[in-house]
2 protein chains.
Amino acid sequence: MRAEILSIGTELLLGQIVDTNANYLAQQLPALGLDLLYISQVGDNRSRLAGAFRQALERSDVVITSGGLGPTEDDLTREAIADVLNETPQVQPALEAHLREFFARRGRSMPERNVKQATLIPSAKPLPNPIGTAPGWWVEHNHKVIASMPGVPHEMHKMWEEQVLPRLAKRITGGGVIVSRTLKLIGIGESHAEEAVGELTRSLNPTLATYAKQDGIHLRMTAKAATQAEAEKLLQGFEPQVRARVEEWVYGDESASFPAMVGAMLRQRGLKLATAESATGGQLASLITEAPGASDYFVAGYVTYSADAKRALGVSAETLERFGTVAQETTSAMALAARQKANADVAVATTGNAGPGASEEKPVGLLHTVVDIQGRQVCSETRYSTTRTEYKRRGALDALFLLWRELKHDVKLS
Amino acid sequence: MRAEILSIGTELLLGQIVDTNANYLAQQLPALGLDLLYISQVGDNRSRLAGAFRQALERSDVVITSGGLGPTEDDLTREAIADVLNETPQVQPALEAHLREFFARRGRSMPERNVKQATLIPSAKPLPNPIGTAPGWWVEHNHKVIASMPGVPHEMHKMWEEQVLPRLAKRITGGGVIVSRTLKLIGIGESHAEEAVGELTRSLNPTLATYAKQDGIHLRMTAKAATQAEAEKLLQGFEPQVRARVEEWVYGDESASFPAMVGAMLRQRGLKLATAESATGGQLASLITEAPGASDYFVAGYVTYSADAKRALGVSAETLERFGTVAQETTSAMALAARQKANADVAVATTGNAGPGASEEKPVGLLHTVVDIQGRQVCSETRYSTTRTEYKRRGALDALFLLWRELKHDVKLS
């Protein structure tokens, strides 16, 4: 079946916002077996919008839209659909009452213009929106479907997951279900991850797709079956095969946050953490403190940017003189000093050259990382070819990966 | 004149990449006086692509495309344009020689499939691409224009600025030129900035547009005139009016980086900087070290996440006991201690509650910031309603804004 996405709103055409909604939806469709052939952005203009719906209904089976469901005169998605289907929107008393309640719960009275959000045409059913005023529309007409959702991303995501996705899955699989599961990987690149899972990416049911994200590589497995139980069973057979090939890098499922995952290991073992950063300049501490409750285990971070600050932390003048500020030995001394000074059990330290210029004749992109767990140290040396900002971001992530890998393997600690 | 954008590539329809090219181009068109009515994403399919070009040429005067100019069989932009105009692509010896040179300079021989990047149709002129193998196409046909550029963003941006924008400006203004200038603002929200510039946003030449970006608010002024000198003159008359209304928040022009700007002020005055962070968890140090050469002035950052770490920095047990870890008094003591401990002239400190839970009965989103310049302190208290990540990002930016404002006003230091 052919699908098409319409993103509606003049702000898209003025370049005021990036169309992340289309990207979100595009990622969701392959798992449903839908072929996405077109994405279009259209402004808040009734006749152009109606034209876009007319064309979409001609060439596609499923039309998915976001935006244009607000209460103002500029919000014309409902009107355009009604024009194309030659139907008339009518206020639905039940929807209107619900909308007035939504405002009342927030201690406000409903502006009268919001009434238009309580309208439907005969071909449309409402899609509940528990976190906003705009219900969606599910329209069936001549064996075609239009699913219209709000443009606010978190409202759209919720309505997609809870309302549109199950309805589409039912329609496409004839009552079947689609279940997805994600494994998140760290410390490995996308092409390396694809190589590792090998021919599993060609599996048809479940399917396997890889995505490079800010928090690592995501592997998404998607199964289709007649029932939830059968889909789960397919995944239960498939997931261990995937895991077996990437075990070393998997840190959790869709809900996992990498800093929180490392934090949970530290909290569970009662270990306190400190950092000493030069090259990553505070980014490692910032990454660690992304996790809510990080104060349970993260005690102190030292951004020892100058040689003086490294000496004050406890790195000896001899070490600095002999090896320089960018060196494994110096990083190692920083980790030891940070652990002792903060009275922590574990420390992570970095030195390097984030660029853009060379320093101390050390090449741009070089990063030394040392993890110190109760006196046992592990070192890593990496070279990045990227911008200063990205060097810091990836360097911090890889430093935390080194800590995580050691904590995982250090059974004596658990 | 009506414009339309086509973003070409199956990876867009699979959700593998977000279409930032369309957003970039959409932002550029209003200054040209072009009305952008449609943006479409189309996959690498010759007949669907030709269909998209046919439709775009029917309803728009200018069609701007990115993607599909590579050397592989999937790259079909040239073929689709040729199909629609009923012309035949021919290899151009001069382009081919240039392409072979491009590879030779990199010490490689050209793969034969790249020859198709040296083709043109009679209606097309090549647009040079000094940083990639794919030249663009500038096509004029029946008073309509197609400008096709590569999909790689930095190649596209360069080709747009150097080749397409001047050609379009000439065509639209009849030989005139368009000149833009940007002011970057910090410490102010977008709606507040719009309010401040007031009726200037309705100016027709130069125009004034506001954009909310990660590094603050951008105000872009764009003038059209017959010559470069006249356009510059228009801007010279307009810019002071804009500046006068937002002076307090302007930190630079299009090329300015906020951390580098603050760093330049510190470097110039020979001031050394230290930080002491609790709530921002290292993000402030990380922001400061975004600037190349930050080691000239940034000596040390302390991420004193625990009460013990705050005591070790030099905050008295009495202060912590009496005011708690989230308090202006504690923040003030941290700033003083950090400045002294790091032997710096200036220090910035933060405490607060990044959430998601309340702590010490301090509300989620609260942030205290203190700037200490050679003993003189300035305090700020803010509440953010946002995520933990965004709290840290904005908190660090606002803390640096506080420092910048004080450095600017502190004439005794300069």
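User: Two strands pair if DSSP finds at least two bridges between them. In which sense do strand S1 (residues 2–8) of chain B and S2(B) pair, and over how many bridges?
Analyst: They pair in the parallel sense, over seven bridges. Keep in mind that this is a predicted model.

User: Which residue stands opposite B:Ile5 there?
Analyst: B:Ile39 in S2(B) stands opposite B:Ile5.

User: What does S2(A) pair with?
Analyst: S2(A) pairs with S2(B), across the two chains. The sense is antiparallel, over five bridges. Here B:Ile39 turns up again, standing opposite A:Gln41.

User: How many residues of strand S2 of chain B are buried?
Analyst: Six of the eight residues of S2(B), residues 35–42, are buried. The strand is therefore largely enclosed by the rest of the structure.

User: Which other strand of chain A pairs with a strand of chain B?
Analyst: S14(A) pairs with strand S14 of chain B, residues 298–304. That pairing is antiparallel too, with five bridges. As an example, A:Ala300 has B:Thr304 as its bridge partner.

User: Zooming out, how many residues are in contact between the chains?
Analyst: 48 residues of chain A are in contact with 48 residues of chain B. Several elements of chain A each supply at least two residues to its side of the contact. Among them are H1, H2, strand S2 (35–42), strand S14 (298–304) and helix H14 (388–409).

User: What classes of residue are on that side of chain A?
Analyst: The side of chain A that touches chain B has 24 nonpolar, 18 polar and six charged residues.

User: Give me one residue to look at. What does A:Gly15 touch?
Analyst: Leaving out residues up to four places away in sequence, A:Gly15 touches B:Asn23, B:Ala26 and B:Gln27. A:Gly15 lies in the loop between helix H1 (10–13) and helix H2 (20–32) of chain A.

User: Is A:Gly15 buried or exposed?
Analyst: A:Gly15 is buried. The cut-off is 20 or more other C-beta atoms within 10 Å, and A:Gly15 has 21.

User: New topic: which strands make up the open sheet in chain A?
Analyst: Four strands, in the order S10-S11-S9-S12, with antiparallel pairing. S10 (207–213) and S12 (250–253) of chain A stand at the edges with a single partner strand each, so one side of each has no neighbour in the sheet. The twist averages 25° from one strand to the next.

User: How many bridges join S10(A) to S11 of chain A?
Analyst: Seven bridges join S10(A) to S11(A), which spans residues 216–225. In one of these pairs, A:Tyr211 has A:His218 in S11(A) as its bridge partner.

User: Which helix packs on that sheet?
Analyst: Helix H7 of chain A, residues 190–197. It touches strand S9 (177–185), S10 and S11 of chain A. The direction of H7 makes about 160° with that of S10(A).

User: Back to chain B. Where is the kink in H8(B)?
Analyst: The kink in H8(B) is at B:Phe238, and is about 25°. It comes shortly before the proline B:Pro240.

User: What span should helix H8 of chain B have?
Analyst: H8(B) has 19 residues, 228–246, and at 1.5 Å a residue it should span 27 Å. The end C-alpha atoms are 26 Å apart, which agrees.

User: Which residues of H8(B) are buried, and what covers them?
Analyst: B:Ala231, B:Phe238 and B:Val242 are buried. The cover for the buried residues of H8(B) includes strand S9 (177–185), helix H7 (190–197), strand S10 (207–213) and strand S11 (216–225) of chain B.

User: Now the backbone. Where are the cis peptide bonds?
Analyst: One joins A:Asn205 and A:Pro206, with omega about 0°. A:Pro206 sits in the loop between H7 and S10 of chain A. Another joins B:Gly355 and B:Pro356, with omega about 5°. B:Pro356 is in the loop between strand S15 (346–352) and strand S16 (366–373) of chain B. Most peptide bonds are trans.

User: What is phi at A:Asn142 and A:His143?
Analyst: A:Asn142 has phi near 50°, and A:His143 has phi of about 65°. Both values are positive, though neither residue is a glycine. A:Asn142 lies in the loop between strand S7 (136–141) and strand S8 (144–149) of chain A. A:His143 is in the loop between S7 and S8 as well.

User: Are A:Asn142 and A:His143 buried or exposed?
Analyst: A:Asn142 counts as exposed, with 7 C-beta neighbours inside 10 Å. A:His143 is exposed, with 6 other C-beta atoms within 10 Å.

Key. Residues numbered from 1 in each chain as written. Chains lettered and ligands numbered in written order. Predicted model: local features only at pLDDT ≥ 70, side-chain atom pairs only at ≥ 80, totals over all residues. Expected span 1.5 Å × (residues − 1). Bend = angle between axes of the 7 residues up to and from the residue. Buried ≥ 20, exposed ≤ 12 C-beta atoms within 10 Å, placed from the backbone. Contact = placed C-beta atoms within 7 Å. Axes fitted to C-alpha atoms, helices over the stretch in contact; angles between N-to-C directions. Nonpolar A, V, L, I, M, F, W, Y, C, P; charged D, E, K, R; others polar.
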